[in-house]
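Work through the exercises below with the structure open beside you. Try each task before reading its solution.

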Amino acid sequence: MLLFTCPNCGPRNETEFHYGGQAHVPYPEHPDQLTDREWAEYLFYRENTKGIFAERWVHSTGCRQWFNMLRDTVSYDVKAVYRMGEQPPALAEPVSNQPTSISAPEGAKS
Amino acid sequence: MSLLEKPYFLMPKGSAEMANSVNNTGVAALRRSPAEHLWTDFTVGSVAGERGVTLREVPFQTMVGIRVDPVSEAGVRLADVTGGLPVRCGEVTTGPAGVSVLWLGPDDFLAIAPGDAQDRLPGLLVAALGDGAGQVVDLSSNRTTFELSGPSARAVLEKSCAADLHPRSFAVGTAITTEVGKVPTPLWKTGEETFMLFPRASLADHLGRWLLDGLKEFASDRNPSWL
């Protein structure tokens with residue numbers, strides 16, 4: 001059982017939390033001007049990081065608040081926990097899920 | 001104006017509609033609490049003695065859900081009524097007329113008071129919120145109250161609650177939101193050996209039987225063979 005530290009409630013069991021996917025995916029500035037492909041990338045394309053990953057969690061059976069977490073996807077080591085709207089704290093190792101350009105999948109129309 | 005158009009707690013006390021709703025003692029006598037059918041089991045299953053543990057339901061407590069930013073003006077007005085709002089996880093404030101407020105989240109609180117407060121407290125809180133951002137909802141029928149007490153109460157809970165219930169981290173007078181037997185519930189330690197649980201009505205039967213099962217072993221005067 002993993003122990004997560006909720007920013008509001010302190011250390012609690014992993015089973016009290018739910019996962020919310022990759023953190024810091026910005027909402028498009030002009031969503032009406034996106035092509036279908038860009039919209040699909042915003043909705044569905046996520047990093048598949050091996051290493052430290054910034055992700056969202058919600059303490060669903062506790063304070064029901066969302067927060068961010070830096071977690072190592074290999075060792076499951078929780079490196080940092082920070083509130084919604086905050087930037088990830090600086091770590092010795094780089095955070096590797098900053099948005100990158102994604103190559104078009106085979107057969108995709110631009 | 002029908003009851004549907006106006007919540008009863010907004011009506012002035014003593015009005016005709018009021019007399020026909022909460023103060024109707026005939027209706028009150030017909031109420032069934034969510035675990036009433038287990039009361040005999042609770043009495044029979046409770047254990048006396050130095051390994052004792054007692055389980056009982058406290059029916060029909062007044063509960064009001066409050067969502068408000070505690071530092072806003074509306075939050076300050078609500079705190080005046082309840083005798084303060086808790087500021088961090090675990091804290092419980094106690095106010096006048098037996099009103100206690102549990103911390104559920106940074107802007108989410110549960111006010112608990114004896115059953116006879118139900119025709120006054122929600123109305124007072126609604127009036128205190130006024131036009132401020134937030135909400136006050138009478139949740140008295142949403143949850144029921146179980147009281148687990150006795151020297152073995154903590155041992156019973158620890159079998160099915162993952163939170164750290166050791167006195168050094170869970171002191172008397174603190175309350176947390178957690179899961180007991182997979183049932184989400186606030187857990188409030190009101191005394192050295194007394195815990196209050198607030199399961200939702202539809203889960204009260206399950207949690208009641210679950211806790212009964214948990215206190216069975218303490219009825220045996222022999223130590224378990226694995227000790």
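**Exercise 1. Find the bridge partner of Leu148(B) in β10(B).**

Solution. In β10(B), Leu148(B) has Phe195(B) as its bridge partner. Strand β10 covers residues 194-197 of chain B and is joined to β7(B) by four bridges, running antiparallel. Strands are DSSP runs of E with at least two residues, helices are runs of H or I with at least four, and both are numbered from the N terminus. Two strands pair if DSSP finds at least two bridges between them.

Before going on, note the ground rules. This is a predicted model, where local features need pLDDT of at least 70 and side-chain atom pairs count only at pLDDT 80 or more, while totals for chains, interfaces and linings use all residues. Residues are numbered from 1 along each chain as its sequence is written, chains are lettered from A and ligands numbered from 1 in the order in which they are written, and side-chain values use heavy atoms, leaving out hydrogens and water.

**Exercise 2. Give the strand order of the open sheet in chain A, then find its edges.**

Solution. The order is β3-β4-β5-β6, with antiparallel pairing. β3 (18-22) and β6 (78-83) of chain A each have a single partner strand, so they stand at the edges.

Zoom in on one pair. β4 (residues 52-58) and β5 (residues 66-72) of chain A pair over seven bridges. Glu55(A) has Met69(A) as its bridge partner in β5(A).

**Exercise 3. Describe how α4(B) and α5(B) cross.**

Solution. Helix α4 (residues 73-82) and helix α5 (residues 121-129) of chain B have axes that come within 8 Å and cross at roughly 155°. Axes are lines fitted to C-alpha atoms over the stretch in contact, and angles run from 0 to 180 degrees between N-to-C directions. The two helices are therefore roughly antiparallel (over 145 degrees).

Conventions
Parallel < 35°, antiparallel > 145°, perpendicular 65-115°, else oblique.
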